[in-house]
Amino acid sequence: MKRSHIIAIVIIAVSIAALVGSLYDSSTYADLAQAMEDPGTEYHVVGVLDRSQEIIYEPSLNASLTTFTMKDLSGKTCTVHLAKAKPQDFERSERLVLIGSATENGEFHARDMLMKCPSKYNEENRIEG
Amino acid sequence: MSAYIGEHTWAGQLGHVLTASSFVMALLATVSFLLATQRNDDHWKRLGRLAFHGHTLAVLGIIVTLFLMLFNHWFEYDYVWKHSNLAMSMEYIASCFWEGQEGSFLLWTFWHVVLGQVLLWRWRSGRSAVWESPVMTIIALVQVFLATMILGVYIGDIRIGNSPFLLIRELEENIGLPWTTMPNYLQAIPQFADGRGLNPLLQNYWMVIHPPTLFLGFAATLIPFAYALAGLWKRDHQGWMTPALPWAFFGIMVLGTGILMGGAWAYEALSFGGFWAWDPVENASLVPWLTLVGAGHLMLVNKRKSTSLFTVYLLTLITFILVLYSTFLTRSGVLGDTSVHSFTGDGMLPGLLFFLLFFIGLSVLLLLPRTDQRRFYALISAALLVIGVVLEIPVPAILLFGAVTLGNLLIAYRSAFNSSEPEESLWSREFWLFIGSLVLLLSAVQITFSTSIPVFNLLLEPLGNGLRSLASTTGIEAFTQLADARFAPPSEAIEHYNRWQLPFAFITSMLVAFTQYLRWKDSDRRKFWRDIRVALLLAALITAVCVWAFDYTLPEADRVALLFATAFAFTANLGYATVVLKGRLKNAGPSVAHVGFALVLLGALISTSRTEEVSRNTKNMDLRFLNEAFDNNEDILLYRGDTVRMGDHFVRYREKERKEGNLYFAMDYYGVEPRDYRAGDTVRVGDMLFVSQSDHRAGDHFLADQPAHWRPVDQHTRRALWYAPEWSNARPGAAQFTLQPFIQINPRFGNVPEPDTRHWWNKDLYTHVRYADLEADADSADDGWMPDRTYDKTVGDTIVTPTAIAIIDSVYVMRDSATKSMLGERYTVYAAQMRVRDLYRSDRWFEARPVVIYADGAPVMGRAAEIPPLRVKYGLSTVDAAAFVEPSAGQRNVVKYGLTVAEAEFVVLQALMFPGINILWIGCVLLALGTGMAVWQRFRERPSKQA
């Protein structure tokens, strides 16, 4: 066996491992209903902040816990405990991606959250006449 | 709709004309240079040059016009309105220019034009002039594509590119709206008076220099790419490398600097707490750099002896293709929710995709050795393009194209580059350079895979049914997951990438260390070991010192291995420069660059693996009882005026100050001194009061000190206990420094926290405010209290706040003679009698009596009752005077009272300690400097090597 063949095999093996590895480490997008069915498993859940409910952040009690209600894209709502300080301008957020898992009692524990604000990059510039 | 008042339409028209001419000129240049190459004809070449000069002028004209529009605040233009405003300082006008898609495409185009002119100028002096026509064909062709990105014309219903010269009234979504026919709309509609302004995150000097550097790096990858394609085209597989080589290293230098500047910007202006987060946008710029480093090093080998030609071609071509791919990822909108700082789509996806696929196709086409093979591949690709567009099944067409392309790549490898030459020796420099390039390629492949997860979902979608049936027949769940195609990026992204990249970094560092000590072809093993053993020994020593100093443990063996490898790369290259090159500066470039590379990795390793969350809050509720994934109690709460121990310092939140739209929080840091107690001092420990028996210095633990120095006090008042200070063994020493993290207040883009960092030679303290009273509401002036919260309560109700529980005992009218004589009959003074208890100490009680004064049935003023130990204040805001009944025995008062509660003002702070981060920055400088020296050397030595 030539050395180049060994190298080729190693390369192919590592590439496949990297591909499988990236899929293995990847999380899954789900809606709240799916996350609820499978408590304890980590999901990415996309949704919006339910502004009709209160955002509870009591930093003097715990500086890294924010509790709020999220509505997912199918319209289901759920109480979310986020293990982070309340992000600046959370009220203005347009879209949330929660990273975390559901609990047995139907709440969602988010370890992290991505937030898109409406105007950060390309806001629709609608000008009313 | 002839005359609009106050518009500067000539600028937009000029812009459109210039854009169109830049496109036409680029096309003309492409065709001319193509014919010049095919026919070896000087006339066509001259025409091509002329067209390229014309193209250059047009591009410069576009840029000047756009700057003029920004500079003069012509807000009738969409691009100006979106990206600038009147208040912004002019030094950031450049940031406005490239904030948007169109401007950043222009920046990229601009660098291509500059580099193209430099090439033309060098060829004029006769150096490698045979390459002029083919190389310029490719460059001009890329310019054609880039010009279409800002063309903004319609072909049928499809818009090609987005023009930065559109008036707002010409935007698609505004056409037909009534205001667009008003001649004086600019004056009549207030929104046109000022633009939307620049994202505050980009108002940073790094953002003025980072994008141009990065784009110059991207642009530099085009030159080796064009040379490689020219080599394939002219079937001269070695000649292109000598002129392309310095450009490859120029690209390595500039792109590397640009990437690291991005890291510096993130570290300085963003608040994710670090310099590298493996964000898709960061990855997209790192990956081409990795392959370019591989390509550059392999060119060094192959310009001597063609041993790994196919790999050189592959790496050189793939570098530029990865630049296009990264452009596609970050600008087409496919990343969607996965990246915080990517552009949104704006309908650029089809154009960018075609740009990418076209150059993949062209590369593979030229790699095929025989004309019939090339024709066949071109035909299939064109057919797939037509099928994909006409039948509107783009994804299957792309998948098929991918398969065909991969097949043809294999054919190209088998039929043209599968050399039967004897293999290189294990003890040769070229063998290990080859291995190193492949490791870099694999590293790039891994990053690309993980970054491309959103793309996989799109590609897997049409395969869903097939995969689902595969899953049901085989019963393997993995296929169902593939069929669902709902993969999200790794949720622990940083851990994921670190874990995968660590072995690659280890191998690369080892290769960087020893490969230079090997000779070409074969080496004397004894001499090799003799030269390298000191470096090896020193590296082991450095590793041992670091393991001891930073307390690395066995489970971190992988990190220690990388530590050793980077230390080895550092010592070996230092040794190579001093011992082998004997300190001659002329050839020291590579060694300096390698030392820099090693230091970058070493600094990154130490600072990330030993980041200390000094703000970790142990006082508060442990979140882990909620969920075991919640262990990141990384923030500390500071009341204004409070002094709190944080890591090696005491920190005190002194004040906040508003300056030019920023809200600064002054945090004083004090040293930590041991605490001395005198005889007779009292302290509280838990529920007990102790009195000191002797003058002594506090030890580590109270229990150790207690028998000798402290006596419990059995008889004491409650007050004595609660006002006694808690025992501690440290006290704040001298004030050392002040940090001012701030929050940019920006109502339009949202408020942005920006960190402030204290630098020492060996570590950085990085702090930023996570939460603060922003004085957004009218009531929350800077009075040392958070905004009031109002409750409607009746007597007997309780109010629970984070520190206290309050009970309203009664509300009554103050009728004492002193009050009466002072205020007169018109006023009524209501007071609420409240009992307040520490939420966590059932026996710690306080009293509060807030007061409100009414005149003619309306509140005039009030006085809140503050309870400083609990950091809370209570106010009585309203009393329903009409329904008010005097409290009397046996009658419960049900009237509602408005009560306000506020906590003392505080901020939530995150503080991180990054040790050894200066190693990283020094490494960055050396990497850029060393590569620069090598590039300079290569450019200078070219004439002597020229045939």
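Modeller: We will go from the whole chain to its cores, then to a pair of helices, and lastly to some strands. Please keep in mind throughout that this is a predicted model.

Colleague: Where should I begin with chain B, and how many helices and strands does the secondary structure of chain B come to?

Modeller: The secondary structure of chain B comprises 26 helices and 29 strands, and the C-alpha trace of the chain spans about 110 × 85 × 65 Å along its principal axes. Of its 947 residues, 54% count as buried. If you take the contacts in chain B between residues at least 6 apart in sequence, 70% of them join residues at least 24 apart.

Colleague: Which residues have the most contacts inside the largest nonpolar core?

Modeller: That core has 183 residues, and B:Trp240 and B:Trp289 are the ones with the most contacts inside it. Helix 8 of chain B, residues 205-233, gives the most to this core, with 18 residues.

Colleague: Turning to helix packing, at what angle do helix 1 and helix 6 of chain B pack?

Modeller: Helix 1 (residues 9-39) and helix 6 of chain B pack at about 155°, and their axes are 8 Å apart. Angles over 145 degrees count as roughly antiparallel, and therefore helix 1 of chain B is described as roughly antiparallel to helix 6 of chain B. The crossing of helix 1 and helix 6 of chain B is left-handed. Among the residues that make the contact are B:Phe33, B:Ala36 and B:Thr37 of helix 1 of chain B, and B:Ser133, B:Met136 and B:Ala140 of helix 6 of chain B.

Colleague: Is B:Ser133 buried or exposed, and why?

Modeller: B:Ser133 counts as buried because its relative accessibility is 6%, and buried means under 20%. B:Ser133 sits in helix 6 of chain B, which covers residues 132-149. Not counting residues up to four places away in sequence, B:Ser133 touches B:Phe33, B:Ala36, B:Thr37 and B:Lys45.

Colleague: How should I read a sheet, and in what order do the three strands of the open sheet in chain B come?

Modeller: As a general idea, strands of a sheet pair through backbone hydrogen bonds, either parallel or antiparallel. Here the order is 10-11-13, and the pairing is antiparallel. Strand 10 (682-685) and strand 13 (710-713) of chain B stand at the edges with a single partner strand each, so one side of each is left without a neighbour in the sheet. On average, neighbouring strands of this sheet are turned by 35° against each other, direction ignored. Four bridges join strand 10 to strand 11 (residues 688-692) of chain B, and B:Val685 stands opposite B:Met688 in strand 11 of chain B.

Colleague: Which helix of chain B lies across strand 10, strand 11 and strand 13?

Modeller: Helix 23 of chain B, residues 702-709, lies across these strands and runs at about 85° to strand 13 of chain B.

Colleague: How many residues lie between strand 17 and strand 18 of chain B in their hairpin?

Modeller: Three residues lie between strand 17 and strand 18 of chain B. Strand 17 (residues 756-759) and strand 18 (residues 763-772) of chain B run antiparallel and are joined by four bridges, with B:Asp756 opposite B:Thr767 in strand 18 of chain B.

Conventions
Residues numbered from 1 in each chain as written. Chains lettered and ligands numbered in written order. Predicted model: local features only at pLDDT ≥ 70, side-chain atom pairs only at ≥ 80, totals over all residues. Heavy atoms only, no water. Core = buried A, V, L, I, M, F, W, Y, C linked by side-chain atoms within 4.5 Å. Buried < 20%, exposed > 50% of the residue type's maximum accessible area, 1.4 Å probe, protein only. Helix = DSSP H or I, 4+ residues; strand = E, 2+ residues; numbered from the N terminus. Contact = heavy atoms within 4.5 Å. Pairing = 2+ DSSP bridges. Axes fitted to C-alpha atoms, helices over the stretch in contact; angles between N-to-C directions. Parallel < 35°, antiparallel > 145°, perpendicular 65-115°, else oblique. Left-handed = near helix turned anticlockwise from the far one by under 90°.
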